[in-house]
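Student: Could we go through the side-chain contacts in this one together? I would like to begin with the charged pairs and then turn to the rings.

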Amino acid sequence: MTASTRLRFLEDYRTIRSAEGRGSGESAYYRALPYRDLSGKNSAQWAIRGRSYRYFERRVLAPIEREAGRPLDVLDLGAGNCWMSYRLSLRQHRAVALDIFTDAMDGLRAARHYGGRFPLLEAEFDHLPLRAASFDLAIFNASIHYSTDYRRTLNEVRRCLRPAGHLVIIDSPVYQVREHGERMRAERHDEFERRYGFRSDAVPSLEYFDEEALAALAGELKIRWSVHRPWYGWRWWSRPWKARLLGRRPPSRFWILDGVFV
C-alpha cells in the first residue's frame, strides 16, 4: 500500500467512524466492550459482537487453552480500539494489538484506557514485522475483510504461527455466493457516497467471504476450517426470510472460522 493510498484510506475511515459515534473519553466505555456500549450509539452492533465473543471464549478459545496448558501468545490483527487484546489479557494471555489505525478514540491509542496491559504495533496485514513461528493464535476480529488479497494475508499469518497454531476469524461477513457479496459491496459504497461524499474505496478491500472462496483457500493454503455458527437470536435468524419476502439480496452470515494450517 502506497503512503498516499494509506493516508486517504485512514482519512476516510476516521470520518466514517467518527460520524458513527465510535469511541469515548471515558475508560469505562472501553472496558465494558464488547458486552455493553455505554455510549448507546452502536448498541445493536455491540450486542452482536458480545455474542460472538462469548461464543468464541466458550467454544473456540477454551479448547485451545486446555490443549496448550499455558498462557497463549496471541496476535490481534486489526485490533481497532484493542478491546479483544484487553479481554485476552484478563485471561492471562500475551496479546499483541496490531492495526494501521492509531486514532486515540477508535484505534491503537485507545489502548491507554486499559492500563498498558499489552504491546501495540502499527503495521499492515501483509507485512508483519514479527518473527516466524512466534504466536499460538492469530485473531482477525471484524477485520480480515479489509484485506486486498486473502492468500497473501493468510500466508503472512501462517509464517508467524507456530506449528498447530490457530487462525480465528470473527465477525466478518460470509455469503453463500460471490454475487451476493458483490451486491453488498456496491450498496455499501453507494451509501458512503450519499452520506459522506466519497465511496471509501481507496483500498480495494475484499470486504467479504463466500463459500467457494473459503473452500479455495482451504485447498490452496492447506487450511482445515472448523465452522462455528453462533446463535444471535430469532430476529437475526429471520433476516434471510425477510430479505426474500422483500426481494432483497440475502444478508451476510457471521460465522466464526477456526483454521489450522496442515
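Predicted model: local features only at pLDDT ≥ 70, side-chain atom pairs only at ≥ 80, totals over all residues.

Student: How far apart are Glu 156 and Arg 159 in helix H5?

Tutor: They are three residues apart in helix H5 (residues 150-160), so about one helical turn separates them.

Student: And is Glu 156 buried or exposed?

Tutor: Glu 156 counts as buried, because its relative accessibility of 14% is under the 20% limit. Arg 159 is partly exposed, with a relative accessible area of 32%.

Student: Which residue forms a salt bridge with Glu 57?

Tutor: Glu 57 pairs with Arg 91, with 3.0 Å between the closest N and O atoms. This pair links distant parts of the chain, 34 residues apart: Glu 57 belongs to helix H3, whereas Arg 91 is in the loop between H4 and strand E2 (94-99). Glu 57 is buried at 18% relative accessibility, and Arg 91 is partly exposed at 29%.

Student: Let us move to the rings. How many aromatic pairs are there?

Tutor: The count comes to 21 aromatic pairs. In one of them, the ring centres of Tyr 53 and Trp 83 are 5.5 Å apart and the planes stand at 80°, so the pair is edge-to-face. Tyr 53 lies in helix H3 (residues 43-68) and Trp 83 in helix H4 (residues 83-90), 30 residues apart.

Student: Are Tyr 53 and Trp 83 buried or exposed?

Tutor: Tyr 53 is buried at 1% relative accessibility, and Trp 83 is buried with a relative accessible area of 3%.

Student: What about Tyr 196 and Phe 198?

Tutor: Their planes are at 25° and their ring centres 5.9 Å apart, so this pair is stacked.

Student: Where do charged ends sit over rings?

Tutor: The charged end of Arg 239 is over the ring of Trp 236, 3.8 Å from its centre. Arg 229 has its charged end over the ring of Trp 255, at 4.7 Å from the centre.

Student: Finally, which residues make the nonpolar surface patch of about 570 Å²?

Tutor: Trp 231, Trp 234, Trp 237 and Trp 241 make that patch. Trp 231 lies in the loop between strand E8 (223-228) and helix H8 (234-237), and it counts as partly exposed at 46% relative accessibility.

Terms used:
Residues numbered from 1 in each chain as written. Heavy atoms only, no water. Phe/Tyr/Trp six-rings, centres within 6.5 Å; stacked < 30°, edge-to-face > 60°. Helix = DSSP H or I, 4+ residues; strand = E, 2+ residues; numbered from the N terminus. Buried < 20%, exposed > 50% of the residue type's maximum accessible area, 1.4 Å probe, protein only. Lys NZ or Arg CZ within 6 Å of the ring centre and 35° of its normal. Patch = residues over 30% accessible without salt bridge, like charges linked within 9 Å, V, L, I, M, F, W, Y side chains within 5 Å. Areas by Shrake-Rupley, 256 points an atom, 1.4 Å probe, with all protein chains shown as cover. Salt bridge = Lys/Arg side-chain N within 4 Å of Asp/Glu carboxyl O.
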